[in-house]
Amino acid sequence: MKSIRIIAAAAFSFSLLMSFNSCKPKNAGNAVNADAASKAYVAPGKYDEFYNFVSGGFSGQLATYGLPSGRLLRVIPVFSVDPEKGWGYSEETKPMLNTSHGFVPWDDLHHTELSQTNGEIDGRWVFGNANNTPRVARIDLKTFRTAEIIELPNSAGNHSSPFITENTEYVVAGTRFSVPPDDKNGDVPINTYKQNFKGTISFISVAKEDGKMDIAFQIQCPGVNFDLSHAGKGKSHGWFFFSCYNTEQANTLLEVNASQKDKDFIMAVNWKKAEEYLKAGKGRKQAVKYAHNTYSDKTHSATSEIKTEVTVLDAKELKDICYFIPCPKSPHGCDVDPTGEYIVGSGKLAALIPVFSFDKMIKAIADKAYAGDYDGIPVIKYEAALYGEVQKPGLGPLHTEFDGKGNAYTTFFVSSEVVKWNIKDLKVLDRAPTYYSVGHLCIPGGDSKKPNAKYLIAYNKITKDRYLPTGPELAQSAQLYDISGDKMQLILDFPTIGEPHYAQAVSADLIKGNSVKFFKIDENQNPYVSKGEGTTKVVRTGNRVDVNMTCIRSHFSPDNIEGIKAGDEVYFHVTNLEQDWDVPHGFAIKGANTGELLIMPGETQTLKWTAEKAGMFPFYCTDFCSALHQEMQGYIRVSPAGSNVPLLFSTGKNYPVADTAAKK
Ligand code: RUQ
Ligand code: CUA
């Protein structure tokens, strides 16, 4: 009997899985009304109303768009090298990509989260997660640059991250893959998952003043897959909610084996309680290795430190930190409404959306309304925590955002639509097709206490016929809806960089006034800075040559360098002397097997170049900076190894020929 039921269940979920590919909405062609263009139109020279920070998925970067125009404003390099900006190529930025596995030039960034104060977006920082080699990055919204990256031990596939608490006390990170803890032998049979694999969630503290991150503590949980998370807010501040799937603890063919159970879990974490245990010394210090990288706008360079210890709390021993709430079926999104009372779980394979009540959950815990435990963690009875279910909302629910007016908007991957429903009566109010197979969505402030619900953006997984064909791969598509009225109205499609997952948006007023226009050259503390042309120099130390040079419209100083020998390692430390907005200079040299440098006004950046053979090597400015940009160039003369051509450098003058000849 039991085995028949399992087979039937497997067959059911398999057929669901087969239909888990997208279907095309019916009224595809004519969904745009005539007034749509004017709603998305931002006149030339006018600013957009919102910044939209969009994760780049497998591009590893984060892109900034203006809304409602959908104009791409900037790609911020985070976890992947970016030869356009020299990120990960300049000596100053390389340490940012250091990890306990060494230099890692790529990652997969899935979610962005803006910092908050009192549950409202404050416009200071945006965080991003690295999914593959688990890390969290903090981007400074004064410079739109990655300021800090911290690696996460005991983790693999950092997916339920980087969600934050309402005063940015913590950024969390839950492991997607459970794995044996880093200090245990990982060389165990894969099918010992149940015994040896653990799921770790990390709480990264964020310093109030400067945003500096630190792993405050980790919680060791049962081995399952953590997927997404959101913090409680208001009354539920102090709690965090994580969706988990694979409570079957399968280690192979998860598409079938992790879809067996009718319900998986949302894990509720009482992090205030965890803090108490931490203070009481209940944490275990664990030897681990992880990198912590910070970028300084004073030295214009990064430092990487390898840390060796974390404090781990055990959820099984410390009974009242973690609770499981059953949630149908392989939940993905886990979203908390602006009041903090309603927790929405989106089961990818579920035909309904469960909405849980925070108050009921607290009461259930007080009453011990449990349906047993799972690996030592109490499982709250489904009905005891449930507020209600949205019936027949669509197929394949993934993510929910809120408008602050009592409505929720959920994306449906399989039925390719966004569905608006009322949180109180759980009735569906409106549905709008997406083109196609929507994943995440974003309403400005939509996961905060104060949404600014003028627009909704859907980030779609499949583009197909929406744009001109560009070969087998098409840009992913974002779609903008006006949600100021009762009905959602599609007003714009725009392509994105990489694959967008979560994104956040915020009123431009919170950010634009703080934007740094240039770095003050007087405050530049890079050890290789030249603060004027008079202090430039070329110094040989063995086969290392340091060139401290400057650039300003429209020349480099020095621009003639002789006496470099084949085999020399040359470090070009280029300082941009400009003190004006939007005047970067670039630096590229023939044969360099790295990227370029793109040096902001007042900044110093270093390109390492190996002079591999004798010859003449031109270098030039890559960024059109003035009418005489094309004149902004220079030469390096490389002589054979062992040559005694003297080291000479100059700008605007020539040495007598005799001085530059090899000595007999
Ligand atoms: S994911 S489409 Cu956040 Cu990586 Cu849901
Ligand atoms: Cu400097 Cu072009």
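Visitor: Before the sheets, what makes two strands pair?
Guide: Two strands pair if DSSP finds at least two bridges between them. Strands (E, at least two residues) and helices (H or I, at least four) are DSSP runs, numbered from the N terminus.

Visitor: And what is the model, and how is it numbered?
Guide: This is a predicted model, in which local features need pLDDT of at least 70 and side-chain atom pairs count only at pLDDT 80 or more, while totals for chains, interfaces and linings use all residues. Residues are numbered from 1 along each chain as its sequence is written, chains are lettered from A and ligands numbered from 1 in the order in which they are written, and side-chain values use heavy atoms, with hydrogens and water left out.

Visitor: Which order do the strands take in the open sheet that includes E34?
Guide: The order is E3-E2-E1-E34, and the pairing is antiparallel. Strand E3 (72-76) and strand E34 (503-507) are the edge strands, each pairing on one side only. On average, neighbouring strands are turned by 20° against each other, direction ignored; axes are lines fitted to C-alpha atoms, for helices over the stretch in contact, and angles run from 0 to 180 degrees between N-to-C directions.

Visitor: How many bridges link E1 and E2?
Guide: Six bridges pair strand E1 (residues 50-55) with strand E2 (residues 62-67) in the antiparallel sense. Phe53 has Thr64 in E2 as its bridge partner.

Visitor: Changing topic: what surrounds ligand 1?
Guide: The shell consists of His110, His111, His159, Leu228, His332, His399, Gly439, His440, Lys461 and His501, a residue being near a molecule if one of its heavy atoms lies within 4 Å of it. Strand E6 (109-117) and strand E30 (438-442) are the elements giving two or more residues to this shell.

Visitor: Which residues have the most contacts inside the largest nonpolar core?
Guide: They are Phe203, Ile219, Met267 and Val269, in a core of 31 residues. Such a core is a set of buried Ala, Val, Leu, Ile, Met, Phe, Trp, Tyr and Cys residues joined through side-chain atoms within 4.5 Å. Buried means under 20% relative accessible area, exposed over 50%, and partly exposed in between (1.4 Å probe, protein chains only). A second, separate core of 26 residues includes Val538, Leu607, Ala611 and Met632.

Visitor: Where does Val538 sit relative to E36?
Guide: Val538 stands opposite Val547 in E36. Strand E35 (residues 537-541) pairs with E36 over five antiparallel bridges, and in their hairpin, which has two residues between the strands, Gly542 takes a positive phi near 65°.

Visitor: Why is E36 called largely enclosed?
Guide: Seven of the nine residues of strand E36 (residues 544-552) are buried, so the rest of the structure largely encloses this strand. Eight bridges also join E36 to strand E39 (residues 569-576), and these two run parallel. Thr550 stands opposite Thr575 in E39.

Visitor: Finally, is Ser639 buried or exposed?
Guide: Ser639 is buried, with a relative accessible area of 5%. This serine is found in strand E44 (residues 633-639).
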